[in-house]
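Dear colleague,

Please find below the structure that I am handing over to you. My notes on one of its pockets and on one of its interfaces follow.

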Amino acid sequence: MGYPHKPHPRETVVLSKYFGDADARTYKGWVKRGGYEMLAQALTMEPAKVIDIVKESGLRGRGGAGFPTGLKWSFMPKEKKKPHYLCVNADESEPGTFKDREIMRWTPHALLEGSAIAAHAIQAEVVYIYIRGEFTEPWTYMERALAEASAAKVFGAIKIYLHRGAGAYICGEETALMNSIEGKRGNPRIKPPFPAAAGVFGMPTTINNVETLAAIPPILKQGAAWYKGLSLSSPKSSGTKLFSVCGHVQKPGNYEVTMGFPLKDLVYELCGGMRSGRTLKACIPGGSSVPILNREETESCLLDYEGVVERGSMLGSGGVIVFDDSADMVYQIMRLARFYAHESCAQCTQCREGTAWTTKILERILAGQGKMADLDLLLDLSENMTGKTICVLSDSCAAPVVSGIKRFKNEFEDYIAGRRKPVMVA
Amino acid sequence: MSVTAHPSSTPAGTDAYDPVFSGAVLEQLGEILARYPTKQAGLLPALWIVQRARGWISDRNMAEVAEVLGLTPAYVKGVVTFYTMYHQHPVGKHFVQVCTTSPCNICGAEAVAKAFLETTGAKELGATSPDGKWTVIEVECLGACGFATPVLVDDDFIESVTPDKVPELVRKYK
Amino acid sequence: MADELINLTIDGAPVSVPKGTLVIEAAKQAGVLVPHYCYHPGLPVAGVCRMCLVEIEKAPKLQIACATQVAEGMVVRTQSPQAKQGRMGVLELLLINHPLDCPICDQAGECELQDFTFQEGRPATRYSPDYAKRFNPVEDFGPDVLYVPNRCILCTRCVRFMEDVAKEPVLNVSERGDRAFIGIHPEARLDHPWAGNVVDLCPVGSLLSKDFLHKARAWELDKTASICTGCSQGCNVTLDTRDNIVVRVRPRPNLDVNRYFICDHGRMNYRWMNRGDRIEAPLVQRDGELHAADWDEACERVATLLRGAGGRAVALVSPKASTEALFLARELFTGLDWTGAFQVVMGEEAPLAGVPNLALRAERAPNAKGAELLGYTRDYAAALAAAESAAIVLVLDEPDLVVRTAGTIIYVGTVLPDRARAATVVLPIANVAEEDGTFVNRDGRAQRYFQAKPAPGMARPAWWVFSELAAAAGRGERIGSADEAFERLSASVDGLRGLVPA
């Protein structure tokens, strides 16, 4: 994982190779390590050829949706009639996820190089890197790297700009991100139209995650077949993934492993397992918007897109949040609901009102005033909040609630029955 | 039915307002605007410039930004109130943001927030300490969950804060 | 090139609509009203309220009808259990913070939240009484509009109207999540000349008209189709009356004239329709004084004047008079050397920027064009000069006019002029709310308006008055209705030929 620890032998270090290596942040240092060679090569290739390589590699979006990257790029108009744009999603705000931050802090040039290659592939002349406002440190390193690389003129005609966010999780949703760049409230847009047809400023646009783009130079260098071969299980999931492990483990941090890696090994071996005297109770494998797994499911889960679905959750952003037996699941689910209620943009009725109501019900349960009917109400509310809104923030609030009630019902019942002392005041 | 009336509009320039966008700052904005095909896209950058210059964004500032970018004050206000990092009121000299979302929450984040409140004398989240030096708030996920608990003090992103480290941290900022 | 037609099925009914039609519009053809709030045909689509959820075969999730275009062979089910449950969920969530204000809320009786909740909502709330409802104080947005945030369902129709139709973004959505409300910058007021439309657009009682506040209950109102008299645009309106008093004017949709909107000038322009100081009986000069008479006597008096008159007749008419009245007033003087003229009060034009050819027009009268088509001239000065030596001067509803003449003045109007004594005969007529009639707008469009309340006393529609006068003077047939009057005039007036009342 590179920083602050040395890579574990079972890691497959591609993106995190230079984490902790301060020299790699500089333009000269990056070039010394082979940087910008692939960009120079890509700029001589036909855009369609670059797209083919990425398609062949099987790379899927690392932001959370897992959409095949090459396929997404191919949606852009082949014939260029209007300005094309690439937006880089560096809004990383999904609880449990902190990998893009590391990429920007330690290998800013990897992101710049990958972005420029992508821009070439989709025939975009302008790239906006949308960095969340709270990432003051990554911003500084990106700014510096951008200045150095621009001075060295490596980007050709491609213009790369940094754009600072101002505190809104929802701006990580691709259409909300575009609205935010345009100087509007970060409201997600209804689709159609899709970004490749009418995106930022109404022009054809592709939005990619930081980790996705950082993988592009290695793929071009070592080939699509190599990347595809990096998988322990499913052929549909290739390459490596930076898993951000946090919560109740001995060694939290970012770990880079190939797709299909056992979650059990990630937690117990690479992360040093649980704290002294503790046992694993729950795990959210892909950032807070995916269902919570119980211990059995966690210990039998393979970390690729299909494997996690098999266990009843999703790979998502790869933010692994580990809860040991000391965690109050009801309280943490309330805290997640409160997160979503705070971040709701307010457009859709179900999300605007539902996230707040869900939070209130959970708070009441924690205050010792819950009823059994509240659990049915929460499930019914969650159903109304799922699959009916412009974006999936509403669904994301429902995911921990539904999975939490399903797998940890006893904890809810303890509060309702008075077996557990209230931890909140009504 | 009690009603909150809006004061009749005061034409811009009748009170002594010191504009943010003049001279070098206006030039800086011009450079930024050149990156986008519309002036409106310069709104978030412009608001950051105001907050950096004045510490917060007043209604009068919003009207100025609106004028400079060809928008309406109401539109600018709608955007300012959406993004939580823009301050709509003056805050303490140092602004502390403590993440307390679940991954940090299970690692003791709430105790860190409490420690800041006690040490700075701010007492309540969102309130400014009596000496005007500190405002402490809880924020949602800061994107550094593996380094719990992360804290932003002004623009300084500090990782792995625990309650015992707070007094020294507070001392560092005068 | 004809629009390509798409065939689909909505609730079992086959429907054929042009390509690009939204499902919610196509549903209207099938006689299905899909419940909705944020959608409005006059505004850009937002898709935020989520109320119009419908089931579409082959789509994995419910879709919003307002943002889904029709496709060949599409099968839409608005009443499937899944769709109804989805909409019931939306209604429940809209009501958790919505105050139980119906007994004191102006919108009651014409409230879409009431209507759809009654139709598809839950019978009882599951929102615990332990939770407070969101509260924000009422705000005064400007000249006529009050905002009650507690009732707001954040459909954003008002924001979109001001931004995209009025092209003056003076309203915003402020804050985020369930703290959101409609905001306005403290230095701004909602004083755009078309701002009043946000009150109509608001589906609930959140945006209210101060003018209408607590004046009447929606179910007490009688509604009559009419045409606005504020200017020459000819916006279609509905007059709401309660106990025969006009209490409110609202726009009536007409895609060719005013779409769904009217300006604030027209909206507030109704109090004069309820004036009490009306002429309520015909008046005739006797011994230097005006005395009340009945219609027979008054008509006979005028007939006498007409029979004895030779030479010049001058008619000075109001451009607010109906086309029927203006026609018959002209016909009355056939055979005489006739000059007819009118003058129009002018004001500042105020366009609704987002709609082509729609504005509060500089000409502040509804029927100047109608008068023109009938041969009335705008050369008022010449007409006044001609009046001095005219045998008969007819003044039609211009109470402030000072006429110098050697001849006799016949005053036909609604309100008694100060200088009434100068007239030989004064005849009372109905105003626009008290008769059927036609106005011709500035584009030459003839539009009908209908009677909303009875005329006071013995006042009659002006067309009837001129018809009776003509009959009494042996100069024409009696006409039985406004329709008949229009049929007669459309046979002989260029620009109105061949039109029949709808």
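The second largest pocket holds about 1100 Å³ of space; please bear in mind that the model is a predicted one. Its lining comprises 45 residues, and those nearest the centre are A:His342, B:Thr84, B:Ile137, B:Glu138 and C:Glu175. Several elements each supply at least two lining residues: α15 and α16 (349-366) of chain A, and β2 (94-99) and β3 (134-139) of chain B. Of these, α15(A) provides the largest share of the lining, six residues. Sorted by class, the lining has 18 nonpolar, 13 polar and 14 charged residues.

I turn next to the interface of chain A and chain B. Here 57 residues of chain A are in contact with 41 residues of chain B. The two chains bury about 3800 Å² between them, and carbon and sulfur atoms give 57% of that area. On the chain A side, A:Arg164, A:Ala166 and A:Arg335 supply 16% of the area buried against chain B, more than any other three residues.

A:Arg335 also takes part in a salt bridge with the side chain of B:Glu140, at 3.1 Å from N to O. The element that gives the most to the side of chain A touching chain B is α15(A), with eight residues. That side has 27 nonpolar, 16 polar and 14 charged residues.

Yours sincerely

Note on methods:
Residues numbered from 1 in each chain as written. Chains lettered and ligands numbered in written order. Predicted model: local features only at pLDDT ≥ 70, side-chain atom pairs only at ≥ 80, totals over all residues. Heavy atoms only, no water. Contact = heavy atoms within 4.5 Å. Buried area = accessible area lost by both parts, 1.4 Å probe. Salt bridge = Lys/Arg side-chain N within 4 Å of Asp/Glu carboxyl O. Helix = DSSP H or I, 4+ residues; strand = E, 2+ residues; numbered from the N terminus. Nonpolar A, V, L, I, M, F, W, Y, C, P; charged D, E, K, R; others polar. 1 Å grid on protein atoms, 1.4 Å probe; cavity = no way out; pocket = protein on both sides within 12 Å on 5 of 7 lines; lining within 4 Å. Points joined across faces, edges and corners; volume = space filled by probe spheres on them.
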